[in-house]
Amino acid sequence: KNPEECVRDFRQRIKQYEDVYETIDCDMESDLSWIKIQDCRRYTINNVRGYLPGKIIQFLMCLHTTEKRFYLSRHGQSAYNAIGKVAVA
């Protein structure tokens, strides 16, 4: 796909998400883990613990508002996973 088509598709999915997503009530949802980003510069972080969640929040807070691409992905099974050399916790 070309970049313009990807942006159009992404914006269409956001419109569909807006129909089903609900805004978190900070007082009612205080027992859940979440981050709220407003205007790309104000952050409300609630009940986030652990190394990986902390790193994700650090990554999100260090993003700049200039236009650029970034991708978040989870790797698939590696050769070491397949032969059992990497322990799964």
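Is Asn47 buried, partly exposed or exposed, and at what relative accessibility? Asn47 counts as partly exposed because its relative accessibility is 29%, and the cut-offs for that class are 20% and 50%. The model discussed here is predicted. Its protein has 89 residues, of which buried residues make up 3%.

**Overall architecture**

- The protein contains three helices and two strands.
- Read from the N terminus, the order of these elements is α-β-β-α-α.
- Helix H1 covers residues 3-20, strand S1 covers residues 34-38, strand S2 covers residues 42-46, and helix H2 covers 51-62.

- Strands S1 and S2 pair in the antiparallel sense, and five bridges join them.
- Within this pairing, Lys36 is placed opposite Thr44 of S2.
- Three residues lie between the strands of the hairpin, and Asp39 there has a positive phi near 55°.
- Most residues other than glycine have a negative phi.
- Arg41 also belongs to the loop between S1 and S2.
- Arg41 counts as exposed because its relative accessibility is 62%, where the class requires a value over 50%.
- Although Arg41 and Met61 are 20 residues apart along the chain, 7.9 Å separates their C-alpha atoms.

- Asn47 is found in the loop between S2 and helix H2.
- The phi of Asn47 is positive, near 55°, and Asn47 is a residue other than glycine.

**The second largest pocket**

- The second largest pocket holds about 160 Å³ of space.
- Its lining consists of Ile35, Lys36, Ile37 and Leu60.
- Strand S1 supplies three residues, the largest share of this lining.
- Sorted by class, the lining of this pocket has three nonpolar residues, one charged residue and no polar residues.

- Side chains of opposite charge can pair when their charged atoms come close.
- One salt bridge is present in the structure.
- This contact joins the side chains of Asp9 and Arg13, with an N to O distance of 3.2 Å.
- Both Asp9 and Arg13 belong to helix H1, where they are four residues apart, or about one turn of the helix.
- Asp9 counts as partly exposed because its relative accessibility is 28%.
- Arg13 likewise counts as partly exposed, with a relative accessibility of 33%.

**Cysteines and disulfides**

- A disulfide is a covalent bond between the sulfur atoms of two cysteines.
- How many disulfides does a search of the whole structure find? The search finds zero.
- Cys6 counts as partly exposed, as its relative accessibility is 35%.
- Cys62 counts as exposed because its relative accessibility is 51%, and the cut-off for that class is over 50%.

Note on methods:
Residues numbered from 1 in each chain as written. Predicted model: local features only at pLDDT ≥ 70, side-chain atom pairs only at ≥ 80, totals over all residues. Heavy atoms only, no water. 1 Å grid on protein atoms, 1.4 Å probe; cavity = no way out; pocket = protein on both sides within 12 Å on 5 of 7 lines; lining within 4 Å. Points joined across faces, edges and corners; volume = space filled by probe spheres on them. Nonpolar A, V, L, I, M, F, W, Y, C, P; charged D, E, K, R; others polar. Pairing = 2+ DSSP bridges. Salt bridge = Lys/Arg side-chain N within 4 Å of Asp/Glu carboxyl O. Buried < 20%, exposed > 50% of the residue type's maximum accessible area, 1.4 Å probe, protein only. Disulfide = S-S within 2.5 Å.
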